[in-house]
Each structure stands twice: as C-alpha cells, then as structure tokens.
Amino acid sequence: MARFWNFSAGPSMLPYDVLNQISIDVLDWNSTGISVTDINHRSKYFEIIYNQAESDLRALLGLSSDYCILFIQGGGQGANAVVPMNMIGMNGINRADFIISGYWSYKSYLEACKYGDVSIVADNGYTTKIDCNDYGPYTWFPENKSIKTREGSSYLQFCSNETINGVEFVDWGDIANSINKDAVLVVDASSNFLTRVLDIDDTGVVFACAQKNAGISGVTIFIVRKDLIGNALNICPSIFDYMNLFHGHSRYNTPPVFAIYVSGLVFKWLRRNGGVKKMESNNLEKSRMLYDFMDSTSFYINKIHPSVRSRVNIPFHLKNDLLTNIFIEKAENRGLMNIRGHRSVGGLRASIYNAMPIDGVMDLINYMRDFECYYG
Ligand SMILES: *Cc1c(COP(=O)(O)O)cnc(C)c1O
C-alpha cells in the first residue's frame with residue numbers, strides 16, 4: 001500500500017496508529033459486536049468514548065476547573081456565529097471587537113457583524129489594503145500594547161494561527177491585561193490547537209475545528225470559561241447555546257459521534273507521544289528546518305515577519321511564479337501531496353501539523369533542493 005505525505009491544511013493527515021485503530025473499530029468497537037459508526041449517543045458505550053476523550057483533552061491542556069470542554073457542530077466557520085450568539089450580549093449591549101491578521105480573522109469579523117456593533121480595533125493590512133485576497137499585507141501581527149477594547153465590548157476575538165497567511169501569534173498575555181475588565185479574549189485556534197502550549201487561562205473562549213490537529217471534520221472543540229455560559233441571545237439556536245451543550249454534555253441533540261470518537265483517539269495518541277510540549281518541540285524543529293532552507297536561497301520566498309512565522313502552515317512561493325504548476329506536479333510524482341497554496345493567495349503552502357513526521361519535512365526539503373538545482 002502506497003502512502004503519501006499529505007501537506008493539506010485540512011482535513012489533514014491523521015497519525016497512522018489512529019487510522020489503524022479506526023479500521024478495527026469500524027467493524028467491531030471494543031469487542032461489542034457493534035460498529036463505532038452506529039453507537040447510540042445516549043448509550044453507555046458513547047458515555048465511555050465521550051468521558052475518555054474529555055478527560056484526555058483536559059490532561060493534555062492541563063485545563064483548570066474554571067473551564068469546560070464542549071464539542072459543537074458547524075466547523076470553524078460555524079464558531080464564528082456560535083461565539084457572537086452566545087457572547088456578544090454579555091454586557092447588555094451587543095458589542096465586540098476584532099484584531100485582523102489575515103483571511104480567517106477577517107472572515108470571523110464579517111460573520112460577527114450580523115449580530116451587533118462589531119469593530120476592528122487593530123489590523124495588519126485590512127484598513128490599509130481592503131482586498132483581503134492580497135498576499136502582501138498579512139505578514140505581521142499588530143502591535144500589542146496599542147490594542148484596547150471599546151467601552152461595553154464583550155470580547156476581543158483574533159486568530160492564533162492564520163492558516164492561509166502563515167501568521168502565528170500566541171503571546172497574548174499583554175493584550176489580556178490591557179483590554180477592559182468586562183471583556184474577554186476569544187481565540188480561533190483552529191490550526192494550532194494542540195501544536196504548542198497556549199495560555200488558555202488568559203482567555204474566555206478558545207475554539208478549534210477538529211480537522212487540522214484534533215481529528216476529522218464535523219466537530220469543533222470549544223474551551224469555555226464556565227462563568228461566561230448563560231448569555232446567549234434569544235435568536236441563538238438551542239443546539240448552539242453553550243448552556244444546553246454544557247448541561248447536556250455536548251449531547252443536546254445527536255452529536256457527531258464518529259468525529260468525537262476520532263478526536264478521542266487523537267488525544268490518546270498525543271498522550272502516548274509526549275503530549276503538547278513534545279509536539280511543540282517537534283513542530284519548532286520541523287518548521288525551523290523548512291524556514292532555514294527557504295532563507296538560504298532566493299529561489300523560494302516566505303515574506304512573514306520572523307517573529308510570527310507559523311510553525312504549522314508555511315506559505316511560500318517561487319521567485320519565478322511560472323514554475324508553480326510544474327513544482328506541484330513534480331512534487332506529486334514524489335508523493336508530496338496538496339502543497340498548492342489556498343485559492344485566495346495562490347503560490348504554495350506546506351501544512352506540517354502534529355501528525356506530519358520529520359521524515360515528511362525532510363522529503364519535502366530534499367525535493368525543493370532538487371527542483372531548484374534543475375530549474376534555478
Ligand atoms: C480551517 C479554519 C477555519 C474554518 O473551518 P471550517 O471547519 O472549514 O469551517 C476557521 N478558522 C481557521 C483558523 C481555520 O484554520
């Protein structure tokens with residue numbers, strides 16, 4: 001069986017051990033004679049799967065009892081509506097603020113605008129360059145000390161890793177300290193969740209769709225500070241109300257049983273493989289190898305400010321853009337799949353999440369070196 005390196009930004013590679021376990025459980029889960037795909041969500045079997053997944057994730061994050069974990073449907077973009085519907089009214093007036101650092105935070109902002117008075121308080125290109133499809137502006141993160149929330153604003157949302165633009169920002173402690181006391185931070189960590197240690201204690205909510213580092217599509221993981229629950233707008237669908245999800249253990253209605261099960265397997269795999277700290281050092285090493293190589297030549301270009309270069313999504317382009325299609329085609333011939341950049345920015349992108357081993361990154365670098373030798 002041929003297995004290729006999948007550099008896709010999502011859905012992305014799952015660890016082989018996880019795939020193997022799935023292949024067994026799809027036919028017969030835990031010697032019950034039942035497939036994991038048709039386990040009832042109110043059964044004792046799912047109770048076991050759910051509780052184990054939750055406690056493994058708690059352990060991985062070292063999560064304090066102030067926070068709960070909710071598994072919600074609707075993906076990362078669904079979260080862009082779930083958050084305002086639950087939180088924008090927390091201070092009585094429907095107001096929230098955003099930091100824009102790229103494609104995803106901008107999209108989150110646009111969605112939130114449907115629910116109240118939403119404003120951009122800092123950005124790295126939006127106001128200077130309205131065209132959000134331009135690769136140029138989103139190459140740094142706005143100056144932290146200047147970031148404030150407006151009077152009465154319930155939360156300040158940003159994206160900790162811009163999956164498309166390759167801008168990663170995790171030092172949010174200063175921002176947490178400088179915003180108004182009645183506002184909390186909301187972080188879209190869809191693409192760097194579990195890839196490095198994140199300061200969840202400084203936030204109100206962290207969310208991440210599962211299909212990057214925490215499983216398959218169909219479920220979004222929310223880490224919610226418990227005291228923020230119970231503020232949903234009347235228009236919020238019952239299935240998306242934090243309160244219903246919290247009291248129903250993410251089972252107000254039928255949850256994505258299979259997706260939660262896969263997330264549970266990924267959490268177990270992470271615990272067996274050294275946890276989040278170990279992932280952080282792996283990802284640092286993998287990304288360093290790739291950036292060091294790119295910086296050593298002018299043939300490949302990554303324009304992101306070195307202090308916020310993503311460790312997991314590495315966009316780059318060829319000095320000669322005309323070679324991009326050939327680069328992709330030849331990469332596929334060597335088993336290096338899905339390195340085309342997002343349709344909105346073009347170029348190339350290597351997503352090297354937790355499940356991508358160092359060998360995969362080395363194969364990519366060797367290929368890039370060969371390609372440059374031939375065409376450079
Ligand atoms: C992938 C991604 C999303 C969108 O996720 P969907 O599940 O496709 O809606 C949102 N934000 C970020 C940062 C992402 O990487």
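This is a short walk through a predicted model, one selection at a time.

**Stop 1: the ligand**

Now show the backbone of Gly 76, where an N or O atom lies 2.9 Å from an oxygen atom of the ligand. Move on to Gln 77: a polar backbone atom of this residue is 2.8 Å from an oxygen atom of the ligand.

**Stop 2: helix 3 and helix 4**

Next, select residues 75-87, which form helix 3, and residues 103-112, which form helix 4. At what angle do their axes cross? The crossing is at roughly 45 degrees, and the axes come within 9 Å. The two helices are therefore oblique to each other. Turn the view and you can follow helix 3 as it passes helix 4 in a right-handed crossing. To see where they touch, show Gln 77, Asn 80, Ala 81 and Pro 84 from helix 3, then Trp 104, Lys 107, Ser 108, Glu 111 and Ala 112 from helix 4. Coloured by class, the residues of this contact divide into four nonpolar, three polar and two charged.

**Stop 3: helix 2 and helix 7**

Now select helix 2, residues 44-61, together with helix 7, residues 257-272. Their axes come within 9 Å and cross at roughly 40 degrees. That makes helix 2 oblique to helix 7. This crossing is left-handed.

**Stop 4: two backbone details**

Finish in the loops. Most residues other than glycine have a negative phi, and most peptide bonds are trans. Zoom in on Gly 10 and Pro 11, which are joined by a cis peptide bond with omega of about -10 degrees. Pro 11 lies in the loop between strand 1 (5-6) and helix 1 (16-25). Then go to Asn 30, in the loop between helix 1 and helix 2. Its phi is near 50 degrees, a positive value in a residue other than glycine.

Conventions: Residues numbered from 1 in each chain as written. Predicted model: local features only at pLDDT ≥ 70, side-chain atom pairs only at ≥ 80, totals over all residues. Heavy atoms only, no water. Axes fitted to C-alpha atoms, helices over the stretch in contact; angles between N-to-C directions. Helix = DSSP H or I, 4+ residues; strand = E, 2+ residues; numbered from the N terminus. Parallel < 35°, antiparallel > 145°, perpendicular 65-115°, else oblique. Left-handed = near helix turned anticlockwise from the far one by under 90°. Contact = heavy atoms within 4.5 Å. Nonpolar A, V, L, I, M, F, W, Y, C, P; charged D, E, K, R; others polar. Polar contact = N/O pair within 3.5 Å; in protein donor to acceptor, adjacent residues only side chain to side chain.
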